[in-house]
Amino acid sequence: MNFNLFNLFKQKRRHKKKDESTLCLVLDSVEKLTSHATKLVFQQPEVPLYYEPGQFLTIIDEVAGKKLRRAYSLCSSPYLNEPLAVVVKRVAGGKMSNHINDHYKPGMQVEVMPPAGSFTTNYEKSQKRELFFIGGGSGITPLFSILKTVLQQEPKSSITLIYGNRDVDSIIFKDELNHWREKIISLASYIF
Ligand SMILES: Cc1cc2nc3c(=O)[nH]c(=O)nc-3n(C[C@H](O)[C@H](O)[C@H](O)COP(=O)(O)OP(=O)(O)OC[C@H]3O[C@@H](n4cnc5c(N)ncnc54)[C@H](O)[C@@H]3O)c2cc1C
């Protein structure tokens with residue numbers, strides 16, 4: 001098994017220019033995944049957003065009179081033709097995560113910075129890789145985007161996932177992971 005994650009996710013020269021401007025996305029749906037985590041699905045913007053699995057959106061919002069910016073990994077995959085989506089998990093005492101979980105509704109406009117981040121890889125049908133992922137809680141979101149893309153795009157590649165959570169009810173993407181499970185060679189779920 002190839003454990004060379006540094007090679008896999010090494011900093012890549014991106015062909016897109018760095019863009020600091022913000023844009024407005026409209027919320028299509030807001031779904032409670034667990035008692036502490038909400039999935040935000042955005043409507044397709046007029047000009048489709050370019051992103052890679054593993055990248056994140058930065059949500060900008062005013063909370064208690066202060067403009068805040070927080071990063072949320074995209075859990076959707078552009079290769080699977082899915083609408084843009086992120087999952088926001090409440091952090092005890094956290095400003096933005098609780099604000100989003102309490103107040104975001106379908107139809108709302110959300111200010112974001114364009115997708116960013118170099119925790120990505122490339123996908124080739126002929127590629128045969130053995131990938132090993134370890135994540136906990138909301139850390140599953142970028143992994144989920146990458147792993148389903150690999151499973152769909154690279155029939156010869158295989159995946160092992162170790163995923164830790166506090167309890168069964170707090171497992172984000174429990175059903176979705178079960179759906180992909182037959183294609184994942186090994187899925188171990190740990191409860192802390
Ligand atoms: C690249 C990246 C991707 C991410 N992806 C996701 C994702 O997919 N899903 C997700 O849910 N999160 C993700 N995060 C985390 C997310 O960006 C936020 O950090 C998280 O939601 C907490 O933000 P908050 O505003 O709710 O908390 P904050 O208000 O920033 O507070 C964070 C913690 O600090 C404590 N705190 C705040 N101020 C003080 C103080 N003055 N003194 C002492 N303690 C204090 C709070 O009580 C809380 O426990 C990601 C982060 C990064 C960097």
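## Elements around the ligand

Strands E4 and E5 and helix H2 each supply at least two residues of the shell around the ligand. The largest share, four residues, comes from E4. Helices (H or I, at least four residues) and strands (E, at least two) are DSSP runs, numbered from the N terminus. This is a predicted model, in which local features need pLDDT of at least 70 and side-chain atom pairs count only at pLDDT 80 or more, while totals for chains, interfaces and linings use all residues. Residues are numbered from 1 along each chain as its sequence is written, and side-chain values use heavy atoms, with hydrogens and water left out.

## Meeting the ligand

Which residues come nearest to the ligand? Of the 17 residues around it, they are Arg70, Ala71, Tyr72, Val87 and Ser97; a residue counts as near if one of its heavy atoms lies within 4 Å of the molecule.

A polar backbone atom of Ala71 is 2.6 Å from an oxygen atom of the ligand. For Val87, a backbone N or O atom lies 2.8 Å from a nitrogen atom of the ligand, and for Met96, a backbone N or O atom lies 2.8 Å from an oxygen atom of the ligand. Taken alone, the ligand exposes 980 Å², and the protein buries 53% of that. Accessible areas come from the Shrake-Rupley method with a 1.4 Å probe; for residues, only the protein chains shown count as cover.

## The sheet

Now for the sheet. Its six strands form an open sheet in the order E4-E3-E6-E1-E2-E5, with antiparallel pairing; two strands pair if DSSP finds at least two bridges between them. At the edges are strand E4 (66–73) and strand E5 (85–89), each of which pairs on one side only. From one strand to the next, the twist averages 40°.

E3 pairs with E4 in the antiparallel sense over eight bridges. In E4, Ser73 is the bridge partner of Phe56, and Ala71 is the bridge partner of Thr58. E3 and E4 form a hairpin with two residues between them, and Ala64 in the turn has a positive phi of about 50°. E3 also pairs with strand E6 (residues 109–116), again in the antiparallel sense, over four bridges. There, Val112 in E6 is the bridge partner of Ile59.

The buried residues of H2 are Met96, Ser97, Asn98, His99, Ile100 and Asn101. Buried means under 20% relative accessible area, exposed over 50%, and partly exposed in between (1.4 Å probe, protein chains only). What covers these residues includes E1, E2, E3, E4 and E5.

## The whole protein

Stepping back, the protein has four helices and nine strands. From the N terminus on, its elements run α-β-β-β-β-β-α-β-β-α-β-α-β.

Buried residues make up 45% of the 192 residues. The protein exposes about 10700 Å², and carbon and sulfur atoms supply 51% of it. Among contacts between residues at least 6 apart in sequence, 72% join residues at least 24 apart.

Definitions and conventions
Axes fitted to C-alpha atoms, helices over the stretch in contact; angles between N-to-C directions. Contact = heavy atoms within 4.5 Å. Polar contact = N/O pair within 3.5 Å; in protein donor to acceptor, adjacent residues only side chain to side chain.
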